[in-house]
Amino acid sequence: MTAKKAVFSRRSGCPLNASVEMLGDRWSLLIIRDMMLLGHHTFKEFLNSYERIASNILANRLKRLEKYGIISVAPDPDDGRSLIYSLTPKGLGLAPVLTEMVLWAAAYEDTGNQALVRLIRKDKEHFLAEVRKRFAEPGKRST
């Protein structure tokens with residue numbers, strides 16, 4: 001059975017517009033960052049992130065990212081009351097985009113986390129391969 005693509009009403013057919021409609025707020029990108037780089041998978045982990053997202057905004061963004069197929073949600077096997085959020089292949093496809101955004105910002109702004117910037121600059125392809133590897137191992141959450 002083939003998966004159906006969700007149909008969304010968009011302002012235009014422009015691919016950049018579609019990207020902006022899915023990811024056009026800072027919280028969505030930071031949630032994806034936390035999943036990719038910090039291994040966050042639970043609501044509580046996202047709430048405790050550096051930027052301190054409000055719980056109502058976090059809930060909204062997680063639902064939106066799920067709706068667009070960027071993340072998936074499943075019950076926590078260890079605690080059925082909790083949910084585990086994971087990147088889908090579509091979400092993982094954002095790794096090169098976010099990596100370029102990190103490098104772009106570091107080139108033009110005084111940013112923190114220079115260790116991450118150096119790591120990416122040293123060998124971007126290896127960095128991306130490591131991110132993908134964390135999500136490719138079946139049955140294992142990235143950490």
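This is a predicted model: local features need pLDDT of at least 70, side-chain atom pairs count only at pLDDT 80 or more; totals for chains, interfaces and linings use all residues.
Student: Which pattern does the protein follow when read along the sequence?
Tutor: The protein contains eight helices and two strands. Reading along the sequence gives the order of these elements, namely α-α-α-α-β-β-α-α-α-α.

Student: What share of the residues of the protein count as buried?
Tutor: A residue counts as buried when its relative accessible area is under 20%. The protein has 143 residues, and the share of them that count as buried is 35%.

Student: Does Thr88 count as buried or exposed, and why?
Tutor: Thr88 is found in the loop between β2 (79–87) and α5 (89–92). Leaving aside neighbours within four places in sequence, Thr88 has contacts with Gly69, Ile70, Ile71 and Ser72. Buried means under 20% relative accessible area. Because the relative accessibility of Thr88 is 15%, this residue counts as buried.

Student: Which residues that line the largest pocket are the closest to its centre?
Tutor: The largest pocket holds about 770 Å³ of space. Its lining consists of 30 residues, and the closest to the centre are Arg33, Leu37, Leu98, Val102 and Leu116.

Student: How many residues of the lining of the largest pocket are nonpolar?
Tutor: Helices that each supply at least two residues of this lining are α2 (26–38), α6 (95–108), α7 (114–122) and α8 (124–136). By residue class, the lining has seven charged and five polar residues, and the nonpolar residues number 18.

Student: What percentage of the accessible surface of the protein belongs to carbon and sulfur atoms?
Tutor: The accessible surface of the protein amounts to about 9500 Å². The part belonging to carbon and sulfur atoms is 56%.

Methods:
Residues are numbered from 1 along each chain as its sequence is written. Side-chain values use heavy atoms; hydrogens and water are left out. Helices (H or I, at least four residues) and strands (E, at least two) are DSSP runs, numbered from the N terminus. Buried means under 20% relative accessible area, exposed over 50%, partly exposed in between (1.4 Å probe, protein chains only). Contact means heavy atoms within 4.5 Å. Accessible areas come from the Shrake-Rupley method with a 1.4 Å probe; for residues, only the protein chains shown count as cover. On a 1 Å grid over the protein atoms alone, a cavity is a set of points where a 1.4 Å probe fits but cannot get out, and a pocket is an open set with protein on both sides within 12 Å along at least five of seven lines; lining residues have an atom within 4 Å of a point. Grid points are joined across faces, edges and corners, and a volume is the space filled by probe spheres set on the points. Ala, Val, Leu, Ile, Met, Phe, Trp, Tyr, Cys and Pro count as nonpolar, Asp, Glu, Lys and Arg as charged, and the others, Gly among them, as polar.
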